[in-house]
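Take a look at the chain below.

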Amino acid sequence: MQRLGGPWLPHVLPLRTPPSNTRVRYKHHRRRRIWPNNKHGLLRKSSRIFEASPLILDLDAEENKYVRPYNEEVDGAPEPNWLQRVRDLLPVRKRVAEFERIYQEYEAHFRATRADKFHPWRISDYDILSAALDDLSTIQPQPLPTSTDPPHNTATTDVLEWNGIPHWARDSPSKTIAYMLRRQQLSQRLQPATDDEEPLKHALRECAEFTEVERLITNIIQTPQGCQLVSSCSATLGQVCQDIAQKTVPQQMLPFLNNVMINLSSRGLPISAPALWCAYEASLQCRAFSVAQKYMKIIVGTNNQFQDAKVLHTLKILQKSISLLKSGDAVFHIKEDTASQFLAIYSLLTGWTLGGQAPQPSLRDFIVYSSGQIFELYIACLAQLGAFRTMWYIWHTDSRDFRDGPVEESSSLGLAIGTGVGLGDERELKAQAFGHAIREATRTGSNLADLAQAPDFTHTAGKYDEDCQLDIEAIIKSADILPVSEGSIKRPRDDSHIHPAGSDEGIRKIFERRSIREAMLALQHCLARLRSPSASHVGLGGGIAPPRRNQ
C-alpha cells in the first residue's frame, strides 16, 4: 500500500492498516505562482508607450541599404559577461599584489639579517627597551640605509626595517615588541663562536658608519666568549675607528671606546695598540685629559712608546685648551670647572696630582731637548699654567737624564748635552724656549702678573715633589682669579720693544740661579716689569736684582 503524505501530516496510520504493507512518500509541494493582480488594469493603459521611429524598424529589416553584414574582424566579439567582474576585482588584485610584494621584501630583509651572525642591525635587548619607551606610532617607514644615504635621525626605524617588521604592526608598542621578541628569538639561534675572528673582521671592515660599528660590538661584547672575540679583533676595531673618526663626533666615539676598554680590562684581556691610540685621541678631542692620562698609562704599560708626532699633537691640543679656558670661550664635553681642567692638564704634563705621592705616566717621559718644537710647546704650556717652580727644575735637569727625573736643589747641576750638542747650544735652546714661553704667557694672560704679586709666589720647598704641589696650589689660585682679571684680553705682539728683563738673556740668568727661592724672587720682579716696563729698572747684567730681605 502506498500513499502520499506531506510533512504536515502526522505519522499515525489507521489501526487496520498493517505497518509492513505501508510506505509513505513525501512530495515537495511547490508554491504556485500567484497571477498578477490586475486591479489597476493593463500597464499599457497606465504607462507611457515608447514609439519607435520607422528608421529603427527599417534597420532591423533584411537587405536594408543602411545595414552591412556582421564582420567579426571589424565589429569585434561581444564582451563576455564575466569580464565586468574581472574589471571590478582589478583594484583588489592590485592591492593584494602590493601587499605580497611588501611582505616578501620584509621577509627577505629578515632572512638576510638572520643568516648573518655579525649583522649590525640584529635586535638586541636595548632595542626592545627603546621600543617600549618610545612612541613608535609616530615613526614613519623609511627605506633601508645604504652607504651613500645620510644617517637617519633615529636608529629604531632602521632596526625595524632590517628585521622585517611591517609598518602596520607599529601602531602600538605591544604589537611591535611582540614582533621584535619573536624576531630576536629566531636570530639568536645562530650565535658567534670564539673562532669567528675572520668573519668579525670582515664585518667590521664593511661598516660604513660609526653606528653600525657600535651596534656590532655592543651586541657581541655582552658575553664572555664575545669579549674574547672582540679582544682578538681589537686591532681591526682600532683601524676602523680611526678611518671613520673624520666623520664621527668624538663625543659619540669616546663613551663607546670607554665601554669596550672597561669590559676587556675587567676580564684581563689584551687590547691592541690601534684601539688604545684611537681612545686616547678621542679623549683629547673631548678635552677629557684625566681619561687621556689613564689611556697613556695603559699604552706605556703595554710597552708602546709615544712617537714625536703624537707628543707634538697632544701638546698643541693642551696649549689651545689652556688659551680657551683663560679666554672663557672653551666648550668642554666633560663638565668640570676651570681649576679641575688646569690640574688635569698639569697632571698630563708632569704626572703629579693634588696630594699625589708618586707621579703618573705623563708627557714629561717623552720630552727631549733635541726636538726643539716639542720642548718649546712643553715649556709654553707650563708657563701658561704658571708652573714656574717646575720650569726651574726642568732647566736644571741634564738632557741625558731628563727622563730619569729632575735634580734636587742641593744636587750638582750637570748641564752637558748629548752627542752633537754643546753646553752653549743647550743653554741657548733653553733660553729661547723659556724666554718665548714667559713673554707669551704674560702677553695672553694678565692673571700670571696678578699671581706674581701674591705673597706665597716665592714660597719653595727645595724638593721636586713638594714644589710641584706648590705649583698645583698656584694653578688653583690662578684659575680662581680668571673671571676678575683681564686675562681674556690678548695684547698685540710687539717684539721690537722687549724689556730687558724679559729677554732671553734675562730669563736665562733668572733660571740659572742655584737657589730656587732666589730664582722665584727674580722671576717675580721680572713679571712685574713685563706687566709695566716703565715701573722698574733693570738689574746689572740684564738680570733682575732681587729685593733685600731683612736679616
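## Aromatic rings

Start with a cluster. Ring pairs join W277, Y280, F306 and F366. Keep in mind that this is a predicted model. In total, 15 aromatic pairs are counted.

One of these pairs is W352 with Y464. The two rings sit edge-to-face, 6.2 Å centre to centre, with 75 degrees between the planes. W352 belongs to the loop between α16 (338-350) and α17 (372-385), while Y464 is in helix α21 (residues 464-480), so this pair ties together parts that are 112 residues apart in sequence. Both W352 and Y464 are buried. Another edge-to-face pair is W392 with Y393. Here the centres are 5.0 Å apart and the planes stand at 85 degrees.

## Charges over rings

W168 is found in the loop between α6 (155-162) and α7 (173-187). Its relative accessible area is 32%, so W168 is partly exposed.

## Salt bridges

Side chains of opposite charge can pair when their charged atoms come close. The model has 13 salt bridges. One of them joins R87 and E79, at 3.1 Å from N to O. R87 is partly exposed, at 40% relative accessible area. E79 is partly exposed too, at 46%.

R101 and E98 form another salt bridge, with the closest N and O atoms 2.6 Å apart. An α-helix has 3.6 residues a turn, so residues three or four places apart point the same way. R101 is partly exposed, at 45% relative accessibility. E98 is also partly exposed, at 34%.

D504 and R439 make a salt bridge as well, at 3.1 Å from N to O. This pair links distant parts of the chain: D504 is in helix α22 (residues 504-511), and R439 is in helix α19 (residues 423-444), 65 residues away. D504 is partly exposed, with 25% relative accessibility. Salt bridges with shared partners also join E98, R101 and E105 into one network.

## A helix under cover

Helix α11 (residues 234-244) has several buried residues. They are S234, T236, L237, G238, V240, C241 and I244. What covers them? The cover includes helices α8 (197-206), α9 (210-220) and α10 (224-232). It also includes α12 (250-266) and α13 (273-285).

## The whole chain

Of its 551 residues, 40% count as buried. The accessible surface comes to about 32,400 Å², and 53% of that belongs to carbon and sulfur atoms.

Contacts also reach along the sequence. Among contacts with a separation of 6 or more, 69% are between residues 24 or more positions apart.

Notes. Residues are numbered from 1 along each chain as its sequence is written. This is a predicted model: local features need pLDDT of at least 70, side-chain atom pairs count only at pLDDT 80 or more; totals for chains, interfaces and linings use all residues. Side-chain values use heavy atoms; hydrogens and water are left out. Rings of Phe, Tyr and Trp (its six-membered ring) pair if their centres lie within 6.5 Å; planes under 30 degrees apart count as stacked, over 60 as edge-to-face and the rest as tilted. Helices (H or I, at least four residues) and strands (E, at least two) are DSSP runs, numbered from the N terminus. Buried means under 20% relative accessible area, exposed over 50%, partly exposed in between (1.4 Å probe, protein chains only). Contact means heavy atoms within 4.5 Å. Accessible areas come from the Shrake-Rupley method with a 1.4 Å probe; for residues, only the protein chains shown count as cover. A salt bridge is a side-chain nitrogen of Lys or Arg within 4 Å of a carboxyl oxygen of Asp or Glu.
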